[in-house]
Amino acid sequence: MKGVGASVQAIAYLRTSSAANVGGDSDQRQRQAIHAYAQGNGLEVVKEFYDAAVSGADAIDQREGFTDLLGWAATSEVKTIIVENASRFARDLIVQETGYALLTAQGFTLIAADDPDAFTADTPTARMVRQILGAVSEFEKANLVAKLKGARDRASISAGKRVEGRKGYDDTNPKLVQDAKRLARKSPKTGKSRSLRQIAEELTVLGHTTATGKAFSASQVQRLLAY
């Protein structure tokens with residue numbers, strides 16, 4: 001990954017895995033590495049979040065510091081996160097891949113200061129984990145569809161007529177979903193992604209509105225990107 005364009009604001013994320021490391025020099029070393037990378041790549045670290053004595057195998061949404069980070073980012077719209085290295089984000093590869101996928105789906109750019117390509121490297125192990133996660137996701141989606149169909153079948157028998165589920169935008173307006181996902185992609189020049197709010201504004205410019213004629217909200221855009 002190339003350095004992000006000048007004057008981009010970023011968030012520093014630090015983690016130590018045991019209580020014995022808290023108060024030592026680990027957080028100082030992490031902080032120095034993050035700020036050195038930021039200064040060398042035109043980034044400005046404007047906020048720091050720190051998970052002390054938190055295992056690298058814990059899911060990111062189960063860490064107090066990281067959930068605070070996501071909450072702050074949602075209001076500030078700062079979408080670049082820097083860690084000292086990939087293991088500071090997550091030691092467990094599955095947690096790392098699922099966490100990275102969650103962040104990129106929300107428009108974040110995640111950077112490891114020691115190796116900016118760490119989260120996108122196409123190693124055999126990473127490729128296998130991604131394929132497994134993709135298969136699990138497809139299974140869960142198919143299982144949900146089957147459950148919903150079963151519920152509609154039972155409702156149809158009870159009502160004496162066919163009851164259909166509400167169709168989503170991927171059925172009723174595939175162009176809307178296509179445009180939303182296109183707008184969510186990172187810029188090849190700057191490496192930046194639009195925020196959910198910016199995507200909503202762009203969709204309005206393109207003539208897309210909700211069924212009631214209103215502009216899409218950020219939460220509605222997030223659901224569009226999940227199709």
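Biologist: Is Tyr-169 buried, exposed or partly exposed?
Modeller: Tyr-169 is partly exposed, at 25% relative accessible area. Buried means under 20%, exposed over 50%, and partly exposed lies in between (1.4 Å probe, protein chains only). This is a predicted model: local features need pLDDT of at least 70, side-chain atom pairs count only at pLDDT 80 or more, and totals for chains, interfaces and linings use all residues. Residues are numbered from 1 along each chain as its sequence is written, and side-chain values use heavy atoms, without hydrogens or water.

Biologist: And Phe-216, buried or exposed?
Modeller: Phe-216 counts as buried, because its relative accessibility is 6%.

Biologist: How many aromatic pairs are there in the whole structure?
Modeller: A search finds six. Rings of Phe, Tyr and Trp (its six-membered ring) pair if their centres lie within 6.5 Å; planes under 30 degrees apart are stacked, over 60 edge-to-face, the rest tilted. Tyr-169 and Phe-216 form an edge-to-face pair, 5.7 Å centre to centre with 75° between the planes. The two are 47 residues apart.

Biologist: Which residues make up the ring cluster?
Modeller: Ring pairs link Tyr-13, Phe-66, Phe-89, Tyr-100 and Phe-119.

Biologist: New topic. What sits over the ring of Phe-108?
Modeller: The charged end of Lys-79 does, 4.2 Å from the ring centre. The cut-offs are NZ of Lys or CZ of Arg within 6 Å of the centre and within 35 degrees of the ring normal.

Definitions and conventions: Helices (H or I, at least four residues) and strands (E, at least two) are DSSP runs, numbered from the N terminus.
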